[in-house]
Amino acid sequence: ASLAGVVEYRNVTFAYPGAESPVLSNISFTARPGQTIAIIGSTGAGKTSLLSLLPRLYDPVEGQVLLDGVPVDQLDRAEITKRVALVPQRPYLFSGTIAHNLRFGRTEATDQELWNALRVAQGDSFVREKTNGLDSRIAQGGTNVSGGQRQRLCIARALVTKPRVYLFDDSFSALDVATDARLRAALKDTTTDATVIIVAQRISTITGADQILVLDNGRIVDRGTHEELLETSPTYQEIVES
Ligand code: DGT
Ligand code: MG
């Protein structure tokens, strides 16, 4: 079996520079190729902060984040970017064509690859409907596309990079439930060997995850499958009922 794409957080504690108290405490989990790990928790629980440590937007103050067994602070950023794609909570589009936004500097990606990525991300039909297709212009900050379209373009951008690891930070929240379900089914079909970590608000987005981490106040308070957590986790039950 190939090792590529194993993510491990080992006793990770993290505080923002200059802040007194940590926003993440003693986080440990492993995500393997082929698995989907979901992270759920209330606003401010630390979900975005947790994801940010793998591509080294920040470094932990204690513990280690490892990619394929190597601490990420021993890898250079270009190497991490090649293997890990983060779709941020506020996905960013820049002024330029849809093709430019999807390639994001990866000039070797063919139009066919862009369309394939759009198909998986459920974004092909709205791009096809535009007069200029892939050459349609996006305004600075993506103000001329809807929130859901922007999310789908940013998911497609991640797919174009063909990473080993996908980090989705609340990437499905602006989609209706049916599109969300279609997108994740398509994603599962095309990313069978990838490691997928999903932060979500909506329970239906994560019920199929191999493992769900329940984050509360910077700590993993419970973990398990949806069925297990329904039995064992009061915090999870509260989220389900909210
Ligand atoms: P969300 O997206 O509203 O569901 O919340 P999370 O779970 O993604 O929370 P997160 O990781 O954005 O924030 C966790 C804590 O860290 C929260 O108390 C706010 C604080 N925080 C977030 N970003 C920054 C930052 O850039 N600087 C500082 N000093 N604190 C931050
Ligand atoms: Mg967040």
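Start by selecting β6 (84-87), the strand that gives the largest pocket the biggest share of its lining, four residues. (Helices, H or I with at least four residues, and strands, E with at least two, are DSSP runs numbered from the N terminus.) Before you go on, know that this is a predicted model: local features need pLDDT of at least 70, side-chain atom pairs count only at pLDDT 80 or more, and totals for chains, interfaces and linings use all residues. Residues are numbered from 1 along each chain as its sequence is written, chains are lettered from A and ligands numbered from 1 in the order in which they are written, and side-chain values use heavy atoms, with hydrogens and water left out.

**Stop one: the largest pocket**

The space here comes to about 480 Å³. Now pick Thr-81, Val-84, Ala-85, Leu-86 and Phe-104, the closest to the pocket's centre among the 19 residues that line it. A pocket is an open set of points on a 1 Å grid over the protein atoms alone, where a 1.4 Å probe fits, with protein on both sides within 12 Å along at least five of seven lines; lining residues have an atom within 4 Å of a point. Colour the lining by class and you'll get twelve nonpolar, three polar and four charged residues. (Ala, Val, Leu, Ile, Met, Phe, Trp, Tyr, Cys and Pro count as nonpolar, Asp, Glu, Lys and Arg as charged, and the others, Gly among them, as polar.)

**Stop two: the second largest pocket**

This one holds about 290 Å³ of space. Select Leu-159, Lys-162, Tyr-166, Thr-190 and Thr-191, which are the closest to its centre out of 15 lining residues. Then show α4 (111-120), which brings the largest share of the lining, four residues. Its lining splits into seven nonpolar, four polar and four charged residues.

**Stop three: ligand 1**

Next, look for polar contacts (pairs of N or O atoms within 3.5 Å). Select Gly-46: one of its polar backbone atoms is 2.9 Å from an oxygen atom of ligand 1. Over at Tyr-16, a polar side-chain atom lies 3.3 Å from a nitrogen atom of the ligand.

Definitions and conventions: Grid points are joined across faces, edges and corners, and a volume is the space filled by probe spheres set on the points. A polar contact is a pair of N or O atoms within 3.5 Å; within protein, one must be able to donate a hydrogen and the other to accept it, and residues adjacent in sequence count only if both atoms are side-chain atoms.
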